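Visitor: Can you walk me through part of this one? I'll ask as we go.
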Amino acid sequence: MAYAVEMRNITKRFPGVVANQDVTLQVRWGSIHGLIGENGAGKTTLMKVLYGMYHPDGGEILIDGKPVRLKDPKDAISHSIGMVHQHFTLVGSLTVAQNIILGKPICKKTGILDLDRANKEVERLGEEYGLPVNPKAFVKDLPVAMQQRVEILKVLYLGADILIMDEPTAVLTPQEIQGLLNTLLLLKEKGKSIILITHKLRELMSVTDDITVLRGGVVTGVVKTSEASEKRIASMMVGKEISFEVPKDVAKPGEEVLKAEHLYYQDKFGVTMLNDVSFTVRKGEILGIAGVQGNGQTELIEVLSGMTTRYQGRIVFGDREIRQSDLPLKRREAGLGHIPEDRQTMGAALAATLLENFIMGGLSDLEYTSPGMISYSKAATVAKGQYEHFDVKYASLGEPAGALSGGNLQKAIVAREIYRNPQILIAAQPSRGVDIGATMFIHEQLIKLRDAGKGILLVSSELGEVMSLSDRVIVMYNGAIVGEVDPKNSSEEELGLMMAGMKGGHS
Amino acid sequence: MLDLGILGVTMRMATPILLAGTGTLYNDRAGVTNITLEGSMLLGGFFAVACSFFTGSWVLAALAGIATGIIVSLVFYFLTSICGGDELVVGFSMNVLLDGLSIFLLKQIFHQSGSLVDERIVGVPQISSEVLGGIPIIGDLFNGQTWIVYFTFAFALLTWVILYRTPFGLKVLACGESPQAAATVGVKVLRIRFICNLIGGALCGLAGVQISLGFLSLFTQGMTVGRGFIALGSVVFSKGNPLRLIAVTMFFGFAEAMSNRVQLMQLPSELVLMLPYLAVVILTFVRFDRLKKIKGMKDQEAC
């Protein structure tokens, strides 16, 4: 039987970079094929070639055994290829049904849209694939997981038998991820072929049949999932054997550097998001906050960093009392560093250049400013050095931050924050959407900072990250701290129970 | 002063604004910022008058106006989408240029400065019927109008159907709000925008015809007196909804009709002529939804 998709020796060059070099990918009918690699390994480029968005400089594409030329997405769609993009491509002000039928409208004989029939069709499609949606809802009102469902239905509606999923789980919560993976298995049962791009090994191992590994634009491994191990795939990705354990010495905590006392916070709907939260972070230690997302972690960060000032309670940085009205800049001057949980909206200004991003928040740094004046050439020297030190890959300091891949941008933000020499660093989801190599690098940097005697508050929804990095872990549930554990002497299961609100552990 | 006759004037005055507004609405919803309405109307009006002068046919004159609008929109498309010019800069300079061009041509062709009035200029005929005139209100609104008035209101209503009930409209909305989304399902974004741009140009040209040949059968330099910008403001205020656009432009039409009436009284005419523009300022620049948001932000800061 012919392959559903066979890409032979695909080469794609961009000015100055070879994104894909002689890449061959074979996807069987009715299988889930994992495509894995670090950020910038060329996964998305390869898929854009398959979807007709990029034209390859060399190689050929066969769909169901027949060679095809794909000029644009329309061609790809007509060869029953569909792509669910990492960043959703939906029109917010249109309804679910309107979004789904956009590419192939359902009309009455008069040429007028038949919205009733469209709604019914969308409902039927949703039922058939176990993805129920409300066809009349406006997309902008839907939560992310639901929007993704619309994306998948849109692709199925256009008649896709080959689905490309570009990092579909990056935006989902753990429960939603499970739901999505089940959907993928159902689609496979119905005979669809799925190409799943991801860099989460666990998901990859649980649903795929075959795996192709890319590194630096070339294929470094093709394996059957049943014969592979996480370790082996990871080593193909980064090119060396790696261990997931972060090596670190025992913490030598010093005096208190961050003290929070009786923090209360209500959101604008009057819901209590923080309920009597008190804790301290000492110099030279990493305090991890574990918890299922939405249990007050985000609000805690907002309160500490000064993003919101409508809280009650006391915050002390070192020996400096922080007033409630102190805005983020003031708190930064008092020694706070902050790696925000969303690098695209809070961590960086995507349209501004890398250099501008580097000096943001540091406009009184005497290294490159004199009162009232900024020396961009001096700033460039500093930024270059720091970015090099943090292994940030970029073409020039003048390019917009948005041009960087996710992992690189995160490294740039970490580089900036650490350059400011903070006494306290809030690291929120520091490895979200970042590949293994960059994650390990960021972890190493955090530990280095800890060993230099700084206090670090780590907030992450990845339990493994919290457990391996932190010296102490507190668990948040429903806006309150429900317990503290020593990560060395407790299991993930124990922590999991506490995160679910069932008391346990030892405070 | 407030007899029902003002309704007819309101319709007449609202027509060019609604027509240009409807055209621009396609651009607006498809994601094209084309602000050449004013220049397009002015030059369209000029060529309509010129054509009427030479041929004596108001049909050919109307077609000349529409063709002028289309050509202006093609130039705009060429400069922005092919040469890569900034839409606002191109639009703004084209407005200035077209204003000057109409004066230049007036001088070169007709050896007139300021305005062109001549018996040979045939206006667009008005459609009167005794039956229609006999119906209260409806008669006041529609009797004795040019066919452009009927067309304008019919087309504005049709635009609602086109935007919200046809595949083309769906694609327009998608192109405007999320071109990426449209492109990924195979919609040709540039082609949709090109078509919208043409519609916009044609309607602006026709709006110019209504101003020059629908009101008085003459051409005066700068005779659109900012109606293009009022139309632009109306589109913004109506948030791109054709039905709301009809209501908004009727309001401006009414303001213009009122200023005509008030002029007859012993009030300073400059002050009175300001009325419609004042209405624009109040309606389009004071955005109540934004005010609410600003107030909300202030409240938050205060806490």
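Visitor: How do strands β19 and β20 of chain A pair, parallel or antiparallel?
Guide: Strand β19 (residues 424-428) of chain A and β20(A) run parallel, over five bridges. Two strands pair if DSSP finds at least two bridges between them, and strands (E, at least two residues) and helices (H or I, at least four) are DSSP runs numbered from the N terminus. This is a predicted model, with local features needing pLDDT of at least 70, side-chain atom pairs pLDDT 80 or more, and totals for chains, interfaces and linings using all residues. Residues are numbered from 1 along each chain as written, chains are lettered from A and ligands numbered from 1 in written order, and side-chain values use heavy atoms, without hydrogens and water.

Visitor: Which residue of β20(A) is the bridge partner of A:Ala427?
Guide: A:Leu458. A:Leu458 is also the bridge partner of A:Gly288. Strand β13 (residues 285-290) of chain A is joined to β20(A) by five bridges, in parallel.

Visitor: What do β19(A), α15 and β20(A) make?
Guide: With helix α15 (residues 436-451) of chain A, they make a right-handed β-α-β unit: with the strands pointing away from the viewer, the path from the first strand over the helix to the second runs clockwise.

Visitor: Which way do the residues of β20(A) point?
Guide: A:Gly455, A:Leu457 and A:Val459 point one way, A:Ile456 and A:Leu458 the other, and all are buried (under 20% relative accessible area; exposed is over 50%, partly exposed in between; 1.4 Å probe, protein chains only).

Visitor: New topic. Why is α9 of chain A largely enclosed?
Guide: Because seven of the nine residues of α9(A) (residues 297-305) are buried, including A:Leu300 and A:Ile301. Just after α9(A), A:Gly306 has a positive phi of about 85°.
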